[in-house]
Amino acid sequence: MSQQSSRVAPRVFMSYSHDDKEHRDWVLALATRLRADGVDVCLDRWDVTLGGNLAHFMEKAANASYRVVAVISASYARKADERKGGTGVEAQMLSTRLYESMHSDQVIPIIRNNPTAPPLLPAFLGGRLWLDFRDDQAMEAAYERLIRDIHNAPVDIVPTLGPNPFEGKSDIEARLEIRNSPLRWHSPGLTGDVEFIYSQNSGMYTIGTGSCQFTLELSPRGTSSVYAGGVIASKQHSRSAGV
């Protein structure tokens, strides 16, 4: 029997404008998926009953225990700047949070129903990084980045800081260490093409980072061919193929 994690689920407040039924339903679907992926989402459609205090609900936008996913449509951007309606109230609360800590990442802007290039952003979110959810075909990559950020599980982890290669070594020793470093034969990106000169290679080439890492093991197989095997870091299953 597996033991449930005692980690407290991250809390998120959904801030959005009620543009139309399609937009409201899209936000509902996103919030539902976030909850299924372990995020405690606060959404007006769930948390405000008939006769409930809407102002009290919106105050959660200023609550430091919540991160805020702000769904920035063109209408949201205009209402936020003009301080109109509930969107304007939430925008005022959010801008106060951000101005109190200019380096805060507590508000995550995601772009939807906002067709201009660049998209319209409210003034209080100017200069902030945002995620593009406008293209349904490319939305999965944006969703994974969002859920990773909320759970603090980034794909790109800061590498360990290594030693100075010149300290305590002769010039020749330092030069050899730099040229033979395994990181010379490592491409941390998860997509794209890789090219390297086999005759200068150490016999190993690593692609990816962390659990998404694959190491090629190279060796000569003749005058015009190379034998390549591989190991996936997360599962440690070897695969080999002739090249």
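Which residues of helix H4 (residues 74-82) are buried? They are Ala74, Ser75, Tyr76, Ala77 and Ala80, where buried means under 20% relative accessible area with a 1.4 Å probe and protein chains only. Helices are DSSP runs of H or I with at least four residues, strands are runs of E with at least two, and both are numbered from the N terminus. Just after H4, Arg83 has a positive phi of about 55°.

Some ground rules. This is a predicted model, in which local features need pLDDT of at least 70 and side-chain atom pairs count only at pLDDT 80 or more, while totals for chains, interfaces and linings use all residues. Residues are numbered from 1 along each chain as its sequence is written, and side-chain values use heavy atoms, with hydrogens and water left out.

Next, the interior. A nonpolar core here is a set of buried Ala, Val, Leu, Ile, Met, Phe, Trp, Tyr and Cys residues joined through side-chain atoms within 4.5 Å. The largest one has 23 residues, and Met14, Leu34, Ile110 and Phe133 have the most contacts inside it. Two or more residues come from each of strand E1 (11-15), helix H1 (21-36), strand E3 (67-72), strand E4 (107-111) and helix H6 (139-150). H6 gives the most, with 6 residues.

Take Leu34. Leaving aside residues up to four places away in sequence, Leu34 touches Met14, Val39, Val41, Tyr143, Leu146, Ile147 and Ile150, contact being heavy atoms within 4.5 Å. A second, separate core has 15 residues, including Phe13, Ile72, Ala80 and Val107.

Now the aromatics. Rings of Phe, Tyr and Trp (its six-membered ring) pair if their centres lie within 6.5 Å; planes under 30 degrees apart are stacked, over 60 edge-to-face, the rest tilted. That rule gives 1 aromatic pair. Trp26 and Phe133 form it, edge-to-face, at 5.9 Å centre to centre and 75° between the planes. Trp26 sits in helix H1 and Phe133 in the loop between strand E5 (131-132) and H6, 107 residues apart. Both Trp26 and Phe133 are buried.

Last, the largest pocket. On a 1 Å grid over the protein atoms alone, a pocket is an open set of points where a 1.4 Å probe fits, with protein on both sides within 12 Å along at least five of seven lines; lining residues have an atom within 4 Å of a point. Of the 24 lining residues, Leu129, Leu131, Arg145, Leu146 and Asp149 are the closest to its centre. H6 supplies the largest share of the lining, 6 residues.

Key. Buried < 20%, exposed > 50% of the residue type's maximum accessible area, 1.4 Å probe, protein only.
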